[in-house]
Amino acid sequence: MSFTVTSEVTGGIAKLTLAGSLDSSSASQLQAEIQKVAGEAPTELVLYVADLTFMASAGLRMLVFAKQKLGTSVNIYLVKPQAQIIDTLQMTGIIHSVHIVDTYPA
Amino acid sequence: MAEYDLRIDYYPTHEHQDIKYRRGHVLPFGATMVPNGVNFSVYSSAATSCSLVLFEKNEPQPFAEIPFPDEFRIGNVYCMVVFDLDFERLEYGYRMDGPFEPTQGHRFDKTKILSDPYAKAMGGRDTWLGPPNWDNVYPFRSRLVFEDFDWEHDRPLEKPIEDLIVYEMHVRSFTMHPSSGAKYKGSFAGIREKIPYLKELGVNCVELLPIYEFDEWEHSKQHPDTGETLINYWGYSTVNFFSPKSGYAAAGKFGMQVDELKTLIKDLHANNIEVFLDVVFNHTAEGDHRGPTISFKGIDNKTYYMLTPEGYYFNFSGTGNTLNCNNPIVRNMVLDCLRYWASEYHIDGFRFDLAAILGRAQNGAPLNNPPLLESLAADPILAKCKLIAEAWDAGGLYQVGSFPAYGRWAEWNGKYRDGIRKFLKGDTGLIGEIAQCVQGSPWLYPTRGTTAGINFITCHDGFTLYDMVAYNDKHNYANGEDNNDGANDNESWNCGAEGETDDAYINALRHKQIKNALSILMVSQGVPMILMGDEMGRTQWGNNNTYCHDSEINWLDWGLKDKNADLYNFTKHLIAFRMAHPALRNRHHFSHNDWKGTGYPDISFHGNTAWQPDWSSNSRMLAFMLDGHYAKNGSDFDDYIYVATNMYWESAYLELPKLPEGLFWHVSVNTDMPAGTDFFPVNKEALLGDQYHFILGSRATIILVGRPQLIPEEMPITSPEEVAAVAEAQVPKAATAAKAKTTKAKVVPAVDTTAVLDPAAPVKKTKTTKPKK
């Protein structure tokens, strides 16, 4: 399944909407988008991932990348991740680096 | 997809099947990500040609095979950079041509695709017991890993080894049982879910049975009677030394085993728990001349394996082959491997399986000055890692006490295990040996100090602690070898019935024996190690060699924690006691002198009569006392500690050594008492009424603490029976007293001893100050 990502930054909050399958072939798209929004020094990063069906390790890498790129003080929110994505985040421990929420703002 | 780097040294010069590549870097060996590509480097001393074979993940056939051009070989090293590969979906291997001349040590086979000895992850066994495709042209596939894990502020903990309490565990067994309640059963993530348990128990180091990629299907077979599938469950058979076992990761099916393991280690460290790996550098999964060709055998057989002059495999490991560890090439691989685990995975220590093999020359003879062991001991990256040897091998080399240590190596103290086991079952002639055991075995390690010995009574090999007191003989029929496998010298005693019994007396005695064993272990100088589940009476139903069972024989039944709550609570107390008392954790041996002029030597031995131990051959009782002024070899301060252990079947009337003025004996542990009064928590110990005598039960152990008395508002206690009766009532008040102690409030030691001896006389509440620590 193909991957799409769109982004906007409003009021210092970066919002990215992800859909499809995030793997090594699509991770660079997300990386480019994170780099783009990082230029505006957001205070929070919100990823809308309800339509994201799969996240491979390259996808996880992007969360780590985002944290390093934006700084550890920038909270990262994942809005409505599917169960399989939450599982992956749990197993690898990255769930502690992000906030899982049903809506944003919560 | 890739944005080309501007560096001019990373552009393609060659092309093959539309794949671009160029000359590579000889070092580092393995596959390394470089700008826009991957550098591949592999060595072989005798190959005549080599090609790189590339697969898409899980595809049956390679998508490309690139021969290394002649000019890409420097010395014996083949290297190239290949561009535009999908890091995450790539699986790679090598095909090597060369002579097949077993008598010369060469076994090249160009029909085989070989995995990289330096691969950092393996595909092919992604999930535990996933059914293998036996027709796979390349079953164990080398993969790439990202080394961008977010460790934040973590690094190895570097705790002093004498302060460790090691918990030996099997990754899968720890949480696989349905009772574990873990979401990710049998995995690294499952252990992470159980970190609160490890914290509660109090251990500060976990030692994981092998986690290097192995093949659980190796030598798998059906039990001839039951039909049960028996497998390579423990994993003492390495496929690749740099790769974590994918089947141990819940995320292994996504290829994320590296992330999952690193997350576990990071979280254990955050909880102050070190991580040791049990590493198997003595042999590999390739077996002997009949075994499979996975990697080393086809890349450089003569270099990697010890061979007889006829070209057969030496078998010092008991498993078919022996890694040629003191060949300089292999030695470097071992060193590279350990450096990788120490730096990339933040591993705190390594336990080397059958480490005596690492001290053998290439012809198998033991070396006086084995270069590998010396290299490891002197390595700057491993400088703070604990190095622990299993100081024997299957070829008869037994080096406990004589393992080449270079001031660094510790070893599993097998003689400690044997001595304590014999003592526990009532053998005579052991009092001198037990005195050595509790001192940290100075007879074995006269110059190496107490920390040379890892003290243990049980480990994965052999009986569990419960089985040690429930079985006289091994019961290994489930292993399918007609009970012929496994050791026969178990030094165990079943307490009166073989196996499970309804006899309450026998069951009570078994629990008491377990408490005796753990008590001695936790008051011994040296580094204690306990086996997973021994704290709750785990049984393997008498099986002392459970290497092949993925079943409840190995899985930890968490229900035992409630069923044997007395054992669990007792173990927890002993661990807390050890951690609270630096006098138990010296780094150097006792001096047996009173060099501080306290009136007592650092350690003294006692018998029925104080200061007169009975060393005679029919004695089964020993007591010792530690003077807290000599804690941590005199650099710390502690209470006085008196331990007496009696393995005779009748009780012993002990005269206690007299304490300095103002100090009083308190009971911390008495294994003769039933649950509830078998121990008193740290700082809530029960004051001993009779300060001069103690009736030590049959097959029982006591631990007393000599220190100022804490606000004695109750009548003094005069006998073990009264300890039992008063214990419950006293605990809350003692708790109050303990609080008072910590806030430097009233401490009342100076009691008239005649009053203590007379239960009818009230205690004088004389206020004095606590001796300055």
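Predicted model: local features only at pLDDT ≥ 70, side-chain atom pairs only at ≥ 80, totals over all residues.
Helices (H or I, at least four residues) and strands (E, at least two) are DSSP runs, numbered from the N terminus. Axes are lines fitted to C-alpha atoms, for helices over the stretch in contact, and angles run from 0 to 180 degrees between N-to-C directions. Helix α3 (residues 83–92) of chain A also packs on the sheet, where it touches β3, β4 (75–79) and β5 of chain A; the direction of α3 makes about 115° with that of β3(A). Contact means heavy atoms within 4.5 Å.

The sheet itself is open, with 5 strands in the order β1-β2-β3-β4-β5 (chain A) and mixed pairing; two strands pair if DSSP finds at least two bridges between them. Because β1 (3–10) and β5 (99–101) of chain A stand at the edges, each with a single partner strand, one side of each has no neighbour in the sheet. Direction ignored, neighbouring strands of this sheet are turned by 20° against each other on average. Strands β2 (residues 13–22) and β3 (residues 44–55) of chain A run parallel and are joined by 9 bridges. Leu16(A) stands opposite Leu47(A) in β3(A).

## Sheet of chain B

An open sheet of chain B has 5 strands in the order β6-β5-β9-β13-β12, with antiparallel pairing. Its edge strands, β6 (64–67) and β12 (121–123) of chain B, each pair on one side only. From one strand to the next, the twist averages 35°.

Within chain B, β9 (residues 90–97) and β13 (residues 141–143) run antiparallel, joined by 2 bridges. Tyr92(B) has Ser142(B) in β13(B) as its bridge partner.

## A helix pair in chain B

Two packed helices are described by the angle between their axes and the distance between the axes. For α11 (residues 504–523) and α13 (residues 565–580) of chain B, the angle is about 15° and the axes are 10 Å apart.

The contact includes Ile514(B), Leu518(B) and Met522(B) of α11(B), together with Leu567(B), Phe570(B) and Leu574(B) among the residues of α13(B).

## Interface between the chains

In the contact between the chains, 20 residues of chain B meet 21 residues of chain A. The area buried between them is about 1,800 Å², of which carbon and sulfur atoms give 50%; buried area is the accessible area (1.4 Å probe) that two parts lose on being put together, summed over both. Glu88(B), Phe254(B) and Met256(B) supply 28% of the area that chain B buries against chain A, more than any other three residues.

## Backbone exceptions

Most residues other than glycine have a negative phi, and most peptide bonds are trans. A cis peptide bond, with omega about -5°, joins Tyr104(A) and Pro105(A), and Pro105(A) is found in the segment after β5 of chain A. Another cis peptide bond joins Leu27(B) and Pro28(B), with omega about -5°; Pro28(B) is in the loop between β2 (19–23) and β3 (30–34) of chain B.

Leu354(B), although not a glycine, has a positive phi of about 40°. Leu354(B) is placed in the loop between β21 (349–352) and α7 (371–378) of chain B.

## Conventions

Residues are numbered from 1 along each chain as its sequence is written, and chains are lettered from A and ligands numbered from 1 in the order in which they are written. Local features need pLDDT of at least 70, side-chain atom pairs count only at pLDDT 80 or more, and totals for chains, interfaces and linings use all residues, while side-chain values use heavy atoms, with hydrogens and water left out.
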